[in-house]
Amino acid sequence: MATDEKVRLLRIETPLADDRLKALFEAPEWPLDLLDSLQMPAGSRWLFTDDSDEERPFTLRDRDAVVSACGLKRAPLGSFRLTWWIRKYAERSSHIGCADWLCDLADRNRGSGPLAKLLTRALSNTAFLAAQAGNGLAVEQLTMVVSKDPTSGPLVLTPHIHADEYYGAMESAICSFFAEANPGREARGTLFFPTLVAGDLGKSGRIEEMEFVARFGLADVYASASGELLIYDGMQSLDGGIDLTRGLPHVSGDRKGRTCRLIILMRYENSRRGTVNEIA
């Protein structure tokens, strides 16, 4: 691929790529397993939305919608998104989501089911490996997006190609787990366009898909793999403004009829160079 010194996409080998963990996301019931077994701290909650409702706190009444969308009893019907906001962007000075907090979360889930146990331990170990290298890694959000029903309404994490406005250089980090949503319909992770910068998309650093395809349809693309931790540029400058010469354009690979994934959004602080593999 062509490169630009201001655009970077970095891949780090972490415990999140454990084959046992990735295999658990191949099972169609993984969203229910995570809902049932994940022991969340007091005051935490999942926010739920389906293809017809606004986001609201998840209740047991929504469980049937999860079962239907996952296709556990019959063909998938409907779609849903479940989000756990661990911390908001404005709370980045908090210890919530950081290594010690993640260690407590893993300890809380030591006796949980295999998925919650392995996932929380992998997140904790990844954060501590980053800390040992002099870096910081904080988990800010977990989101399940399940849209295996091709007739349901569109439900995606990010519907447009964009660059991150709340993160600076090499501060955005993401990992997702996914499997084939339906036979013949391959699931996809986040798609990155490493030869472009935010300003290529316009003054807002975002663009709708149809216009993007018309203008940049031949641009190089990197599709993230399941369990892969990727770190990339946001477009926030050091003074808190927007720098359109930075910011790596990307978009969720979510599509109706083919999406079944867990997305983990993180903030990364890289204090050392040369410890990661560059993709660009």
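Tutor: Let us begin with burial: a residue is called buried under 20% relative accessible area, exposed over 50% and partly exposed in between, with a 1.4 Å probe and protein chains only. This is a predicted model, in which local features need pLDDT of at least 70 and side-chain atom pairs count only at pLDDT 80 or more, while totals for chains, interfaces and linings use all residues. Residues are numbered from 1 along each chain as its sequence is written, and side-chain values use heavy atoms, with hydrogens and water left out.

Student: Why is Trp 84 called buried?

Tutor: Trp 84 has a relative accessible area of 2%, and the limit for buried is under 20%, so Trp 84 is buried. Trp 101, at 13%, is buried by that rule too.

Student: What makes the pair of Trp 84 and Trp 101 tilted?

Tutor: Rings of Phe, Tyr and Trp (its six-membered ring) pair if their centres lie within 6.5 Å, and planes under 30 degrees apart count as stacked, over 60 as edge-to-face and the rest as tilted. By this rule there are 12 aromatic pairs. For Trp 84 and Trp 101 the centres are 6.0 Å apart and the planes are at 50 degrees, so the pair is tilted.

Student: Why is the pair of Phe 192 and Tyr 232 called edge-to-face?

Tutor: The ring centres of Phe 192 and Tyr 232 are 5.0 Å apart and their planes are at 65 degrees, so the pair is edge-to-face. Phe 192 is buried, with a relative accessible area of 0%, and Tyr 232, at 3%, counts as buried as well.

Student: How do you know that the charged end of Lys 88 sits over the ring of Trp 85?

Tutor: The rule asks that NZ of Lys or CZ of Arg be within 6 Å of the ring centre and within 35 degrees of the ring normal. The charged end of Lys 88 is 4.1 Å from the centre of the Trp 85 ring and sits over that ring; likewise, the charged end of Arg 92 sits over the ring of Tyr 167, 5.8 Å from its centre. Trp 85 and Tyr 167 belong to one aromatic cluster with Tyr 89 and Tyr 166.
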